[in-house]
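Please open the model in the viewer and display it as a cartoon.

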Amino acid sequence: MNNHSASTVVEISQLSRQFGDTDALINIDLNLERGVVYGLVGANGAGKTTLIKHILGLLRCQSGSVRVFGEDPVARPEAALAHIGYLSEQRDIPDWMTIAEFCDFVHAFYPGWDQDYARELLNTFSLDGSKKIENLSRGMRAQVALIGAVAHKPDLLVLDEPSSGLDAIVRKDILNAVVRTISEEGRTVLFSSHLLEEVERLSDHVIMIQQGRILMDQPLELLGQSHHVSELRFSELQTTLPRIAGVLKTTGEGRSWNVVHSSSPEQLAASLETLQGELVSTRNASLEEIFIARVGRMESSSSESSGAQGS
Ligand code: ATP
């Protein structure tokens, strides 16, 4: 056993991973603490699943180290995996079983399986235990896979794109309830998602990853407070905005501009004085606004002119 801190569930140090010429992960340092819900966000191909696979011991570290509950999940998978619930992106659960057989099957692996909680979730999803998994819709399959991941009340619940395939109600209400139930019992949740509004709703802490590097690793509350969206007005017409310290993204034209910035409103107002500009209004930025300013466009969002200026 390692002498890791009791509150640290996952410790990742200097983890790098290449696939051929692709740097999927580069010098990742990351700690996950007990009782915290972590939202993992990044564009397609950013490295989210690769990171998750290292935590599960499905990939061996090429360099650096990963410890889960103080153990190396590749060398001692049984020690680490016994405490983990995992919902894979593929929802790969055995087709030939019925739902009830699947629950019994997962139950057999985990002494902590909570049959009442499993039944409650089956009822909530209106799932019939006698149905064969191969005959389920994509969404129902996702629900069964979710039950398999959470009903043994794992100390670490890892969900890869949990919303994918779930309808809006299940996504909003039930996923929320599941994540809260797990975390309120002092357990840790790590989930990846492209739905930033969902990450904002569910997580306590955001890990933003871009091209294999961690761009941000912050409590959600601090992230919102440290990034603002401000409306600016200039006395002269501007064709482009000059470089302003802390401004990450600009949109607008003429005298009226909007900026996403990591500087404080006071710092921005001071910079504007020399440019004959003024701050009209300011508010905390949403996670989506921060993501787009930092990482670029979301795959699903419409195109928008962007003048990334670095922080
Ligand atoms: P998505 O949101 O699209 O699921 P992701 O953030 O989960 O993406 P990863 O699946 O971790 O991204 O992929 C990170 C990079 O590593 C990508 O460039 C991907 O093509 C590459 N990669 C991942 N797994 C493999 C593999 N087994 N063989 C070769 N390249 C891989």
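A polar contact, a term required at a later stop, is a pair of N or O atoms within 3.5 Å; within protein, one of the two must be able to donate a hydrogen and the other to accept it. The model on display is predicted.

**The whole chain.** Begin with everything selected. The C-alpha trace spans about 70 × 45 × 35 Å along its principal axes, and the protein contains 10 helices and 12 strands. Of its 311 residues, 49% count as buried. Among contacts with a separation of 6 or more, 69% join residues 24 or more positions apart.

**The two domains.** Next, colour residues 8-220 as domain 1 and residues 228-284 as domain 2. The C-alpha centres of these two domains are 40 Å apart.

**The ligand.** Now select the ligand together with the residues around it. Which of these 13 residues come nearest? They are Asn-44, Gly-45, Lys-48, Thr-49 and Thr-50.

- a backbone N or O atom of Gly-45, at 2.8 Å;
- a polar backbone atom of Gly-47, at 2.9 Å;
- an N or O atom in the side chain of Thr-49, at 2.8 Å.

**Helix α6.** Select residues 168-184, which form helix α6. At 1.5 Å a residue, these 17 residues should span 24 Å, and the end C-alpha atoms are 23 Å apart, so the two values agree. The helix bends by about 30 degrees at Ile-174. Ile-174 is also one of the buried residues of α6, along with Val-170, Leu-175, Val-178, Val-179, Ile-182 and Ser-183. In an α-helix there are 3.6 residues a turn, so residues three or four places apart point the same way. Just after α6, Gly-186 takes a positive phi of about 80 degrees.

**His-261.** Finally, move to strand β11, residues 247-261, and select His-261 within it. Is this residue buried or exposed? His-261 counts as buried because its relative accessibility is 0%, under the 20% cut-off. A polar atom of its side chain lies 2.8 Å from the backbone oxygen of Ser-263. Beyond its neighbours within four places in sequence, His-261 is in contact with Ser-226, His-227, His-228, Ser-230, Gly-246, Val-247, Leu-248, Leu-268 and Thr-282.

How values were computed
Residues numbered from 1 in each chain as written. Heavy atoms only, no water. Domains from an automatic or database assignment. Helix = DSSP H or I, 4+ residues; strand = E, 2+ residues; numbered from the N terminus. Buried < 20%, exposed > 50% of the residue type's maximum accessible area, 1.4 Å probe, protein only. Contact = heavy atoms within 4.5 Å. Expected span 1.5 Å × (residues − 1). Bend = angle between axes of the 7 residues up to and from the residue. Near = heavy atom within 4 Å.
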